[in-house]
Amino acid sequence: RELADTPSAAGAAQGLTDLYAAANTQAATGLWCEALPVLDHVVTRTDPEAAGIVAAAVVDRPAALFGCGLQEYAAGAWTEAAAAFDQLVAGYPDHP
């Protein structure tokens, strides 16, 4: 891996963990749409050190999409609500 032996590389996994924790805090307070960009970033990581966080984000993302759709719907943002629900159905067709 490129630059794996640098001092900053050692903190990268912890940084991703902290970022994921921040998204969970947002989701726990009902800020689903605000948490989605972070989850979207985390699920794309391919670093071996990030495998556990990536797996957790993959599990959390459908609920965040649903929550975001509800959040947007409650705010009267119909187009944004529909977009979140469309992403949920397209990305997770078998999700309960």
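Me: Why does Asp40 count as partly exposed?
Reply: In this predicted model, Asp40 has a relative accessibility of 30%. Buried requires a value under 20% and exposed a value over 50%, with partly exposed in between, so Asp40 counts as partly exposed at its 30%.

Me: What makes the contact of Asp40 with Arg61 a salt bridge?
Reply: The side chains of Asp40 and Arg61 meet with N to O at 2.5 Å. A salt bridge needs a side-chain nitrogen of Lys or Arg within 4 Å of a carboxyl oxygen of Asp or Glu, and the pair therefore meets the cut-off at 2.5 Å. Because Asp40 lies in helix α2 and Arg61 in helix α3, the pair ties together parts that are 21 residues apart in sequence.

Me: How many salt bridges does a search of the whole structure find?
Reply: The search finds two salt bridges, and besides the pair of Asp40 and Arg61 there is one between Asp47 and Arg45, whose closest N and O atoms are 3.0 Å apart. With the limit at 4 Å, the 3.0 Å of Asp47 and Arg45 therefore qualifies as well. Asp47 counts as buried at 17% relative accessibility, whereas Arg45 is partly exposed at 31%.

Me: How do you know that Cys33 and Cys68 are joined by a disulfide?
Reply: The S to S distance of Cys33 and Cys68 is 2.1 Å, and because a disulfide is a pair of cysteine sulfur atoms within 2.5 Å, the pair passes at 2.1 Å. A search of the whole structure finds one disulfide. The two cysteines link distant parts of the chain, with Cys33 in helix α2 (residues 32-42) and Cys68 in helix α3 (residues 51-74), 35 residues apart. Both Cys33 and Cys68 are buried.

Me: What handedness does the disulfide of Cys33 and Cys68 have, and why?
Reply: The torsion about the S-S bond is about 105°, so the disulfide of Cys33 and Cys68 is right-handed.

Me: Which label does the aromatic pair of Tyr73 and Trp78 take, and what makes it so?
Reply: The rings of Tyr73 and Trp78 are 5.0 Å apart, centre to centre, with 65° between the planes, and since angles over 60 degrees count as edge-to-face, the pair is therefore edge-to-face. Both Tyr73 and Trp78 are exposed.

Me: How do you know what span to expect of helix α3, and what does α3 reach?
Reply: The expected span is 1.5 Å times one less than the number of residues. For the 24 residues of α3, this gives an expected 34 Å, and α3 reaches 34 Å from its first C-alpha to its last. Helix α3 bends by about 35° at Asp60, with a proline, Pro62, following within four residues.

Me: Which helices do the buried residues of α3 pack against?
Reply: They pack against α1 (7-28), α2 and α4. Among the buried residues of α3 are Ile53, Val54, Ala57, Leu65 and Glu72. On the side of α1, the buried residues are Leu16, Tyr20, Ala23 and Ala27, and what covers them includes α2 and α3.

Conventions: Residues numbered from 1 in each chain as written. Predicted model: local features only at pLDDT ≥ 70, side-chain atom pairs only at ≥ 80, totals over all residues. Heavy atoms only, no water. Buried < 20%, exposed > 50% of the residue type's maximum accessible area, 1.4 Å probe, protein only. Phe/Tyr/Trp six-rings, centres within 6.5 Å; stacked < 30°, edge-to-face > 60°. Bend = angle between axes of the 7 residues up to and from the residue. Contact = heavy atoms within 4.5 Å.
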